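Please look over the chain and its ligand before reading on. The report below moves from the ligand to the sheet, then to the domains and a few single residues.

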Amino acid sequence: MLSKADADTGTPLYEARNIVKKYGSFLALDNMNFHIGSNEVVGLLGDNGAGKSTLVKMISGINPPTSGEIYVGGRKTEIRNRAASEAAGIETIYQDIALVDSMSISRNIFMGRELTRRFGFMDHRAMRDKAIDILGSAVQISGIDDPDKEVGFLSGGQKQAVAIARAVHFKRNILLLDEPTSALSVRETEHLLAYVRELKRDGTSSVLVTHNLYHAYMVCDRFVVMSHGTKVFEAAKKDTTIEELTDHVIRT
Ligand SMILES: Nc1ncnc2c1ncn2[C@@H]1O[C@H](COP(=O)(O)OP(=O)(O)OP(=O)(O)O)[C@@H](O)[C@H]1O
């Protein structure tokens, strides 16, 4: 995990160099370069099939690159599974959320990282109390205030909120959000985007993958536009406009 000192040197928190990802003979990432600085929200944009999710899955370790180099805090690192990415301080919210319908909200939040008492027994009360805390502070979404409710009874947006609450609670240096607002209402979306800014103030950088350029423009400090598996445009918010970004996304 990175220390504060790493964040202060100007070294990117994360850097991927010359990344190639092949699915069989199909080139999904073609010499892609991408970095995440400290204290920034990066908007990862591009049309359908541009390679955004492939890049996010590569960063989060579930889809390692065919070739290329990864640096975390300036140190060359191998990230070839989810555990390695979490150890490197990276947390991911996926497009297809992996929740267990038959389990309660609180069990889902702590899945794989259950709170335990002495002798390793699960501490259900601690998880329940903590879940109430997380749901109240992170993503205030109606209908998910009872941590004992089974996830199977929730709407798509509410399920997404549980996944977001889980990621936010175990927050790391870097949060990857792949289309996190696709099933959220307008109010929920605004709350989540505000939360991403708040996380930044607390020192967590984020990568936001979205087709909604207005959301991206509202919340991101820098934009990377991808097409055909590679970067075709990059600019800080102060150096570009939403019109220019739209142009790059639809032109490529
Ligand atoms: N497991 C896979 N096997 C083969 N090809 C794949 C696989 N996953 C993705 N692809 C292909 O790689 C390309 C990039 O897909 P990816 O999902 O990364 O794009 P994207 O930019 O996230 O698109 P969208 O915005 O539609 O989600 C697409 O042409 C897709 O068909």
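Which element gives the largest share of the shell around the ligand? That share, 3 residues, comes from helix 2, where helices (H or I, at least four residues) and strands (E, at least two) are DSSP runs, numbered from the N terminus.

This is a predicted model, in which local features need pLDDT of at least 70 and side-chain atom pairs count only at pLDDT 80 or more, while totals for chains, interfaces and linings use all residues. Residues are numbered from 1 along each chain as its sequence is written.

**The ligand shell and helix 2**

Around the ligand stand Tyr23, Phe26, Ala28, Gly46, Asn48, Gly49, Ala50, Gly51, Lys52, Ser53 and Thr54, a residue being near a molecule if its C-beta atom, placed from the backbone, lies within 6 Å of it. Two or more of these residues are given by each of strand 2 (26–36) and helix 2 (52–59). Sorted by class, the shell holds 4 nonpolar, 6 polar and 1 charged residues; here Ala, Val, Leu, Ile, Met, Phe, Trp, Tyr, Cys and Pro count as nonpolar, Asp, Glu, Lys and Arg as charged, and the others, Gly among them, as polar.

Helix 2 is largely enclosed by the rest of the structure, because 7 of its 8 residues are buried. A residue is called buried if 20 or more other C-beta atoms lie within 10 Å of its own, exposed if 12 or fewer, and partly exposed in between, with C-beta atoms placed from the backbone. The buried residues of helix 2 are Lys52, Thr54, Leu55, Val56, Lys57, Met58 and Ile59. Just after helix 2, Gly61 takes a positive phi of about 90°.

An open sheet of 4 strands runs in the order 2-1-4-5 with antiparallel pairing, two strands being paired if DSSP finds at least two bridges between them. Strand 2 and strand 5 (75–76) are the edge strands, each pairing on one side only. Strand 1 (residues 14–23) pairs with strand 4 (residues 67–72) in the antiparallel sense over 5 bridges, and Glu15 stands opposite Tyr71 in strand 4.

**The domains**

The domain assignment, which is automatic or taken from a database, divides the protein chain as the table shows.

| Domain | Residues |
|---|---|
| domain 1 | 1–89 + 172–193 + 203–252 |
| domain 2 | 100–170 |

Taken over C-alpha atoms, the centres of domain 1 and domain 2 are separated by 27 Å. In contact are 8 residues of domain 1 and 9 residues of domain 2, contact meaning that the C-beta atoms of two residues, placed from the backbone, lie within 7 Å. On the side of domain 1 that touches domain 2, the largest share, 3 residues, comes from helix 7 (residues 186–201), and by class this side has 5 nonpolar, 2 polar and 1 charged residues.

**Single residues**

Most residues other than glycine have a negative phi. Asn31, found in strand 2, has a positive phi of about 60° although it is not a glycine, and Asn31 counts as partly exposed because 14 other C-beta atoms lie within 10 Å. Phe119, in the loop between helix 4 (105–109) and helix 5, likewise has a positive phi, near 65°, and with 5 C-beta neighbours inside 10 Å Phe119 counts as exposed.
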